[in-house]
Amino acid sequence: MKHRMPAVAAACAALVVLAAAPGRAQTAAVSKGGRVEKSTFGTTKDGQAVDLYTLTNANGVVAKVITYGALLTELHVPDRTGKLADVVLGFKTLDRYEGDHPYFGGTIGRVANRIAKGTFKLGGQEYALAVNNGPNHLHGGLKGFDKRVWKAQPVSSGGVPAVRFTYTSADMEEGYPGALTATVTYTLTHANELRLEYTASTDKPTIVNLTNHSYFNLAGEGQGTILDHELTILADRYTPVDDTLIPTGEIASVRGTVMDFNRATRIGARIAEVPGAAPGGYDHNYVLSHGGGVLAMSAAVREPTSGRVMEVLTSEPGVQLYTGNFLDGTTTGKSGVAYQKHSGLCLETQHFPDSINRPNFPPVVLQPGRTFKSTTVYRFSAR
């Protein structure tokens, strides 16, 4: 059942640009029921202004994204009765995002996931990265893309609200070679899809693996755990990990194991049996059956009480299932509820972890003159 907007808003089909007083929302575009609003979200500790973009589609679905980290702060989608709820974990204020937290909602780069021992070779040269996760490099380093202020521009077309974020990473920033310009475009379609389209280009050979790190709870942010969510992942294989969560290099079958989600299964049904170093949960890369390169169905999650369903389509070859194993109640979210273990789940579409050090994994090297492109769609419905 769709949540309907007021008739006046739904009927509006004109482009509107409004001046706004400081701190107040500015409507950047209104068209066919979809709109983009810009407002102030705060100022970083080093004095950079951060803006909030609110995307609303014709059905009243709302996505909020800030220029700090090109980060998704809120996503309001309907349940089977049409009631909206925010289904992503996060905070209300910028200072919380600048503080220590487990990558809530961020755009992750230059390379998502882990690189073993923080080193890799490219073009005969060895590069050293920050070791910020045990003995390994994680999610772009000490100040990855999720901790940078991006430029933003509304790019709505045909009545569909969209915002493009752009960030240029300097040569050797966080130890990565080449000046890299990355974009991520958030589009909220009238089919209740949040579409993320990534591009990147470089002036020197480098490595790239971009993703989004939103934590989803389809019952609503702060509404218990995700253990009763029913998960499907269309993958016959996964990449086993060592005791530091680095892939061993093996590509193993999921058949007959606790890793198999080819049929919809309660996340909590076998979670205590998951092998490896993840503390009582999943933190593993799945090798998607479609192989990547084309946008295809990859995963689906259903929350039985609300009836909310999230389908994940991606052009990436892999997806990391992470079940919030390291959440421990010490972080309080935007609704005032402490995030306990398994309060949210991530489905991080990606190339495989440590791909640069594994010749049998999909390559992550980007050459000058080439453009990295990737698309992921989160499609919402209810039943």
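**Salt bridges in the predicted model**

Asp86 and Lys334 form a salt bridge (a side-chain nitrogen of Lys or Arg within 4 Å of a carboxyl oxygen of Asp or Glu), with their closest N and O atoms 2.7 Å apart. This pair links distant parts of the chain: Asp86 sits in strand 6 (residues 84–86), Lys334 in the loop between strand 25 (318–322) and strand 26 (346–350), and the two are 248 residues apart. Strands here are DSSP runs of E, at least two residues long, numbered from the N terminus. Both Asp86 and Lys334 are buried, meaning under 20% relative accessible area, where exposed is over 50% and partly exposed lies in between (1.4 Å probe, protein chains only).

A word on the ground rules. This is a predicted model, with pLDDT of at least 70 needed for local features and 80 or more for side-chain atom pairs, while totals for chains, interfaces and linings use all residues. Residues are numbered from 1 along each chain as its sequence is written, and side-chain values use heavy atoms, leaving out hydrogens and water.

The count comes to 15 salt bridges. Among them is Lys38 with Asp51, at 3.8 Å between the closest N and O atoms. Lys38 belongs to strand 2 (residues 34–43) and Asp51 to strand 3 (residues 49–56), so this contact ties together parts 13 residues apart in sequence. Lys38 itself is partly exposed, at 30% relative accessible area.

Arg266 pairs with Asp228 in a salt bridge at 2.9 Å. Arg266 is in strand 21 (residues 265–266) and Asp228 in the loop between strand 17 (211–212) and strand 18 (230–233), so parts 38 residues apart in sequence get tied together. Arg266 is partly exposed at 37% relative accessibility, and Asp228 is partly exposed at 44%. Finally, Glu193, Glu311 and Arg379 join up in a salt-bridge network.

Terms used:
Helix = DSSP H or I, 4+ residues; strand = E, 2+ residues; numbered from the N terminus.
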